Amino acid sequence: MQRATSQNSPLFLSLNCKLSRPKLSSSSAQLTNALTTLCYTSYPTFLSIHATISTLTSSLSSLSSSLDALISSLPALENSARSFAEDTREIQKERRKAAFVLEHHDKLYDVLSLPLLLDSCVRNHSYTDVLLANHSNSLSQRFPSNPLVQSVKAECDARVQAMLGQLLRMLIEQAKLPGLFRAAGFLRKMDVLTEPELALAFLTGRGTYLESLFKTVEIEKKAI
């Protein structure tokens, strides 16, 4: 108890402060020297950090302004995107159609060239090929509202009518019996005449041929 009282006495505290003051002065001097040395050796770093902080602050401010401008322009951009989508909708539709046509080019070419094929067959009297190649009726039934298919069918029908005319003319011309039966067989396969109509056409054709033959004979007799 007496020792604690003596340590708290003014005399003891004054003595203690006098003993500690040189140590504090020495530490302060060391810290000052260390700080001075640090500032001298690292001042380029401090300047660089200061410049970087200034640049970063300016950049952040500019970025904030740019973000505000970007956010304010988003509604206009959205409207422009919607307008662009509306404007290009028809173009996209036409492009899909063109891609579909390109994908099925070979099939479309076969359909479009069908009238030319039938015309060549009719001219060469290849009637079997005409009957085999002509599938315009099935296409017309499958695509009744397609104008292109209907146009192809109309052209094919015209070629079939030309074939019908050729076969009917064969019945009134000079021909051997197998050829006449062949013509009648094709007429039957074309399914454009009923059996009574086909028989009538055959008999009428042969009768017309006989009449022309008799007239020729009469003319030759008169010439003699």
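**Exercise 1. Packing of two helices**

In this predicted model, the axes of α8 and helix α9 (residues 195-223) approach to within 11 Å and cross at roughly 150°. Classify the relative direction of α8 and α9, state the handedness of their crossing, and identify the residues through which they meet.

*Solution.* 

Step 1. Two packed helices are described by the angle between their axes and the distance between the axes. Angles over 145 degrees count as roughly antiparallel. The crossing angle is roughly 150°, and α8 and α9 are therefore roughly antiparallel to each other.

Step 2. The crossing of α8 and α9 is right-handed.

Step 3. On the α8 side, the residues of the contact are L180, A184, L187 and R188; they meet E195, L198, F202 and R206 of α9.

**Exercise 2. The two sides of α4**

Determine which residues of α4 are buried, how they are arranged about the helix axis, and what covers them.

*Solution.* 

Step 1. The buried residues in α4 are L114, P115, L118, C121 and V122.

Step 2. Viewed down the axis of α4, these buried residues fall within an arc of 125°, so they line one face of the helix. An α-helix has 3.6 residues a turn, so residues three or four places apart point the same way.

Step 3. Exposed residues L116 and R123 are carried on the face of α4 turned away from its buried side.

Step 4. The cover over the buried residues of α4 includes α3 (105-112), α5, α6 (136-142) and α7.

Step 5. Just after α4, H125 adopts a positive phi of about 60°.

**Exercise 3. The largest nonpolar core**

State how many residues form the largest nonpolar core, which elements give two or more residues to it, and which element supplies the largest share.

*Solution.* 

Step 1. The largest nonpolar core has 20 residues, and those with the most contacts inside it are L118, V130, M163, L167, L187 and M190.

Step 2. Two or more residues each come from α4 (114-123), α5 (127-133), α7 (147-170) and α8 (177-190). The largest share, six residues, is that of α7.

Step 3. Leaving aside residues up to four places away in sequence, L118 touches V130, A133, N134, C156 and R159.

**Exercise 4. The chain as a whole**

*Solution.*

Methods:
Residues are numbered from 1 along each chain as its sequence is written. This is a predicted model: local features need pLDDT of at least 70, side-chain atom pairs count only at pLDDT 80 or more; totals for chains, interfaces and linings use all residues. Side-chain values use heavy atoms; hydrogens and water are left out. A nonpolar core is a set of buried Ala, Val, Leu, Ile, Met, Phe, Trp, Tyr and Cys residues joined through side-chain atoms within 4.5 Å. Buried means under 20% relative accessible area, exposed over 50%, partly exposed in between (1.4 Å probe, protein chains only). Helices (H or I, at least four residues) and strands (E, at least two) are DSSP runs, numbered from the N terminus. Contact means heavy atoms within 4.5 Å. The arc is that of the directions from the helix axis to the C-beta atoms. Axes are lines fitted to C-alpha atoms, for helices over the stretch in contact, and angles run from 0 to 180 degrees between N-to-C directions. Angles under 35 degrees count as roughly parallel, over 145 as roughly antiparallel, 65 to 115 as roughly perpendicular and the rest as oblique. A crossing is left-handed if the near helix is turned anticlockwise from the far one by less than a right angle, and right-handed if clockwise.
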